[in-house]
Amino acid sequence: MAAQKINEAHEHIAKAEKCLKTNMTKWKPDYDSAATEYSKAAVAFKCAKQFDQAKEAYLKEAEYHTENKALFHAAKAYEQAGMMLKDMKRMPEAIQLIEKASIMYVENGTAGTAGIALDRAGKLMEPMDLVKAVDLYQKAASVFENEDRLRQAAELLGKSSRLLVRLNRLDEAAVSLQKEKNMYRDFENYPTCFKKTIAQVLVHLHRADFVAADKCVRESYSIPGFSGSEDCGSMELLLQGYDEQDEDLVHRVCHSPLLKYMDNDYAKLAISLKVPGGGGGKKKSTAAPQGGAGGPSPAAAEEDDYEGGLC
């Protein structure tokens, strides 16, 4: 089967080369037909799992589509060549071709396809290079933002924000989260804005910037539904506990279901948050976060009753 497909691929290449020849009656190469034949050759090589030859055939297809001013088809061929490199575990080269394809998609007026290609490339890079994945997601978000497709842009910025947190690039994560939140506000997805406020507060507190964290909450009061919400109440208590160095209150808010079940990168920020000068005994706190952080457990209350020993 493989040998048959390889022979088939070579037949298509021979036809392509014939399409490119000129003579007295044919003054111009037939780039369109040559590209078609190379595309068929690439598919045959791919079926035979000859990925390197398939990649070369796709690159030839892209070259002749470009000669023929068919940029969209050229971009598709470059993207396919990139996927062959991916199958050969040559990821940096694969990503270079996918990025090249995305530029051509934009030039062709099909920016949405460019954004999808960059998003796909970001997913491919996440397991091996988080820094490059962030770059690809940001480029994809920018493409969608320029097309006024804010939902897709916000989703991609969200991926970038989480990876920036994972990389401990918290200053950049704070900027990304603010931009992301602004987009969700623009298309009135207010509940998601609440979650982004929580993420912002956690990031700023890990940056030891209480003022910025407090400002995020205060600015969110203008978002419909935020004041009086569980998210708002928990953040107010978290800021109170952090400001007063109340380790017990901070611990209970950060280990509440509201924060523990956020996206994993933000949940890790929550459970690892320490108050300034922490390390001593936890202060007793009477305040409790809304809807999940809870007050002291019965066991804790019982211990408090006997604090200082029996009389």
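Predicted model: local features only at pLDDT ≥ 70, side-chain atom pairs only at ≥ 80, totals over all residues.

Trainee: Which residues of α15 are buried, then?

Mentor: In α15, the buried residues are D265, Y266, A267, L269 and A270.

Trainee: And what covers the buried residues of α15?

Mentor: The cover includes α8, α9, α10, α13 (247-254) and α14 (257-260).

Trainee: Let us take α8. At what angle do α8 and α15 pack?

Mentor: Helix α8, residues 150-166, packs with helix α15, residues 264-271, at an angle of about 40°, and their axes are 9 Å apart. That angle makes α8 oblique to α15. The crossing in which α8 passes α15 is left-handed.

Trainee: Which residues of α8 and α15 meet?

Mentor: From α8 they are S161, R162, V165 and R166; from α15 they are D265, Y266 and L269. D265, Y266 and L269 are also among the buried residues of α15.

Trainee: Let me step back to the whole protein. How many helices and how many strands are there?

Mentor: The protein has 16 helices and zero strands.

Trainee: What share of the residues is buried?

Mentor: Of the 311 residues, 45% are buried. The accessible surface comes to about 16100 Å², and carbon and sulfur atoms account for 50% of that surface.

Trainee: What part of the contacts joins residues 24 or more positions apart?

Mentor: Taking the contacts with a separation of 6 or more, 60% are between residues 24 or more positions apart.

Trainee: Back to helix pairs. How do α10 and α12 pack?

Mentor: Helix α10 (residues 190-206) and helix α12 (residues 230-243) pack at an angle of about 10°, with 10 Å between their axes. Angles under 35 degrees count as roughly parallel, so α10 and α12 are roughly parallel to each other. On the α10 side, the contact is made by F194, K195, I198, V201, L202 and L205; on the α12 side, by D231, M235, L238, L239 and Y242.

Trainee: And what is the angle between α10 and α11?

Mentor: For α10 and helix α11 (residues 210-220) the angle is about 165°, and the axes are 7 Å apart. That makes α10 roughly antiparallel to α11. The crossing of these helices is left-handed.

Trainee: Which residues of α10 and α11 meet there?

Mentor: T197, Q200, V201, H204 and L205 of α10 meet F210, A212, A213, C216, V217 and S220 of α11. V201 and L205 of α10 also take part in the contact with α12.

Trainee: You mentioned a cysteine. How many disulfides does the structure hold?

Mentor: The structure holds zero disulfides.

Trainee: Is C216 buried or exposed?

Mentor: C216 has a relative accessible area of 4% and is buried. C47, by contrast, is partly exposed, at 48%.

Trainee: What about phi of E188?

Mentor: Phi of E188 is also positive, near 60°. E188 sits in the loop between α9 (170-186) and α10, and counts as exposed at 57% relative accessibility.

Trainee: Now two single residues. Where is H12, and what does H12 touch?

Mentor: H12 is in helix α1, residues 2-20. Its relative accessibility is 13%, and since the limit for buried is under 20%, H12 counts as buried. Not counting residues up to four places away in sequence, H12 touches E37, K40 and A41.

Trainee: And which residues is A141 in contact with?

Mentor: Leaving aside neighbours within four places in sequence, A141 is in contact with A153, L156 and L157. A141 belongs to helix α7 (residues 130-146) and is buried, at 4% relative accessibility.

Trainee: How far apart are A141 and L157?

Mentor: A141 and L157 are 16 residues apart in sequence, and 6.0 Å apart in space from C-alpha to C-alpha.

Key: Residues numbered from 1 in each chain as written. Heavy atoms only, no water. Helix = DSSP H or I, 4+ residues; strand = E, 2+ residues; numbered from the N terminus. Buried < 20%, exposed > 50% of the residue type's maximum accessible area, 1.4 Å probe, protein only. Contact = heavy atoms within 4.5 Å. Areas by Shrake-Rupley, 256 points an atom, 1.4 Å probe, with all protein chains shown as cover. Disulfide = S-S within 2.5 Å. Axes fitted to C-alpha atoms, helices over the stretch in contact; angles between N-to-C directions. Parallel < 35°, antiparallel > 145°, perpendicular 65-115°, else oblique. Left-handed = near helix turned anticlockwise from the far one by under 90°.
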